[in-house]
Amino acid sequence: MAANDKRGDRKVRKGTVVSKMGAKSVVVAVKYRELHPVYGKVVTRTKKFHAHDESDAVKVGDKVTIMETRPLSATKRWRVVAPEAK
């Protein structure tokens with residue numbers, strides 16, 4: 001096993017575009033479910049990611065897939081890979 005076998009592994013998330021910040025920038029809300037640490041109930045949480053949309057094609061409300069990438073600005077660390085099929 002080579003030392004750099006893990007180099008291409010990047011996180012991928014699916015979410016909904018909730019805001020369009022400007023040219024080629026969007027905010028994607030990703031929902032996930034987790035167990036509450038005290039009560040044991042499954043709760044739905046939401047995390048927002050700032051993402052780069054090179055084609056500037058997605059609109060608010062679109063379902064998209066985002067992938068982790070190098071820092072593109074002060075807050076953007078993700079990029080839009082593809083819109084989800086409808």
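**Salt bridges, strands and a core**

Guide: A search of the whole structure finds four salt bridges. A salt bridge here is a side-chain nitrogen of Lys or Arg within 4 Å of a carboxyl oxygen of Asp or Glu.

Visitor: What kind of model is this?

Guide: This is a predicted model: local features need pLDDT of at least 70, side-chain atom pairs count only at pLDDT 80 or more, and totals for chains, interfaces and linings use all residues. Residues are numbered from 1 along each chain as its sequence is written, and side-chain values use heavy atoms, with hydrogens and water left out.

Visitor: Which residue does Lys20 form a salt bridge with?

Guide: Asp56. The closest N and O atoms are 2.6 Å apart. Lys20 lies in strand β1 and Asp56 in the loop between β3 and β4, so the pair ties together parts that are 36 residues apart in sequence. Strands (E, at least two residues) are DSSP runs, numbered from the N terminus.

Visitor: New topic. Which strands does β1 pair with?

Guide: β4 and β2 are both partners. Strand β1 (residues 12-22) runs antiparallel to β4 (residues 63-68), joined by five bridges. β1 also pairs with β2 (residues 25-35) in the antiparallel sense, over five bridges. Two strands pair if DSSP finds at least two bridges between them.

Visitor: What sits opposite Val12 in β4?

Guide: Met67. On the β2 side, Ser19 has Val27 as its bridge partner.

Visitor: How many residues lie between β1 and β2?

Guide: Two, and the strands form a hairpin. Lys24 in the turn has a positive phi of about 65 degrees.

Visitor: How many residues are in the largest nonpolar core?

Guide: There are 11, including Val17, Phe49, Ala51 and Trp78. β2 gives the most to this core, with three residues. A nonpolar core is a set of buried Ala, Val, Leu, Ile, Met, Phe, Trp, Tyr and Cys residues joined through side-chain atoms within 4.5 Å.

Visitor: What is Ala51 in contact with?

Guide: Leaving aside neighbours within four places in sequence, its contacts (heavy atoms within 4.5 Å) include Val26, Ile66 and Trp78.

Conventions. Helices (H or I, at least four residues) and strands (E, at least two) are DSSP runs, numbered from the N terminus. Buried means under 20% relative accessible area, exposed over 50%, partly exposed in between (1.4 Å probe, protein chains only).
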